[in-house]
Amino acid sequence: ARALTARLLDDVRAVVAAMRPEHPSEPPPALVAAIRAIVVDAPGLAIHLDAPDSLVIEDARRADCVVRCVQEIVTNARRHARAANLWIQLRREAGVIIVEAHDDGQGAAEVRDGHGLGGMRSRLEEMGGHLEVRAAPARAFALCARLPLGVAP
């Protein structure tokens, strides 16, 4: 667990560094490239990412929120769901970034926010977004995170 945590922290640091432009006048790089760095090497889990390469979030804080959400989704699918496959879709709709994910894991009778889901929910809500989580014992886990690109209300 410590080794995995250290590796994931290194991944987040690398992603955040990769998202910073070398010159402040340059636009930030595509968000999807940073997320691919997280999902490319998830042992024991096939991750199917559906996102346009051109997806960009100008606000670094919001981009970091999306990256952390994806990281938590991957961690939960591996740790709790024991999933073999994870599908993640990122898209932009009417000024909102939407992250939808579902896996083929074991599901749960109830969803309780632990540190990961609770942190994800808090980060999203701080910026005017929200998180919807769905799970059932006979179904896999699914979630939808919505983050407005503008200033939080």
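User: How many helices and strands does the chain have?

Analyst: In this predicted model, the chain has four helices and five strands. Their order along the sequence is α-α-β-α-β-β-α-β-β.

User: What share of the 153 residues is buried?

Analyst: Buried residues account for 39% of the 153 in the chain.

User: Among contacts between residues at least 6 apart in sequence, what percentage join residues at least 24 apart?

Analyst: Of the contacts between residues at least 6 apart, 61% join residues at least 24 apart in sequence. Individual cases come up below.

User: How do I read a pair of packed helices?

Analyst: Two packed helices are described by the angle between their axes and the distance between those axes. Take helix α2, residues 31-39, and helix α3, residues 60-81. Their axes come within 10 Å and cross at roughly 25°.

User: Are α2 and α3 roughly parallel or roughly antiparallel?

Analyst: Angles under 35 degrees count as roughly parallel. The helices α2 and α3 are therefore roughly parallel to each other. Their crossing is right-handed.

User: Which residues make the contact between α2 and α3?

Analyst: From α2, the contact uses Leu31, Ile35, Ile38 and Val39. From α3, it uses Ala63, Val66, Val67, Val70, Gln71 and Val74. By type, the residues of this contact are nine nonpolar, one polar and no charged.

User: Next, a strand residue. Where is Leu49, and which residues does Leu49 touch beyond four places away in sequence?

Analyst: Leu49 sits in strand β1, which covers residues 46-50. Leaving out residues up to four places away in sequence, Leu49 touches Val32, Ile35, Arg36, Val39, Ile88 and Leu90. Ile35 and Val39 also belong to the α2 side of the contact with α3. As an example of sequence distance against spatial distance, Leu49 and Ala101 are 52 residues apart along the chain, while their C-alpha atoms are separated by 9.3 Å.

User: What does Pro52 touch beyond four places away in sequence?

Analyst: Pro52 lies in the loop between β1 and α3. With residues up to four places away in sequence set aside, Pro52 touches Val32 and Leu90. Val32 and Leu90 are also among the residues that Leu49 touches.

User: What stands out in the backbone of Ala94?

Analyst: Phi of Ala94 is near 45°, which is a positive value in a residue other than glycine. Ala94 is placed in the loop between β2 (85-93) and β3 (96-103). With a relative accessible area of 84%, Ala94 is exposed.

User: Which strand holds Glu132, and which residues does Glu132 touch?

Analyst: Glu132 is in strand β4, residues 130-136. Residues up to four places away in sequence aside, Glu132 touches Ala142, Leu143 and Cys144. Glu132 and Arg121 are eleven residues apart along the chain, with their C-alpha atoms separated by 8.8 Å.

User: How does Glu132 count by relative accessibility, exposed or partly exposed?

Analyst: Glu132 counts as partly exposed, at 39% relative accessibility.

Note on methods
Residues numbered from 1 in each chain as written. Predicted model: local features only at pLDDT ≥ 70, side-chain atom pairs only at ≥ 80, totals over all residues. Heavy atoms only, no water. Axes fitted to C-alpha atoms, helices over the stretch in contact; angles between N-to-C directions. Helix = DSSP H or I, 4+ residues; strand = E, 2+ residues; numbered from the N terminus. Parallel < 35°, antiparallel > 145°, perpendicular 65-115°, else oblique. Left-handed = near helix turned anticlockwise from the far one by under 90°. Contact = heavy atoms within 4.5 Å. Nonpolar A, V, L, I, M, F, W, Y, C, P; charged D, E, K, R; others polar. Buried < 20%, exposed > 50% of the residue type's maximum accessible area, 1.4 Å probe, protein only.
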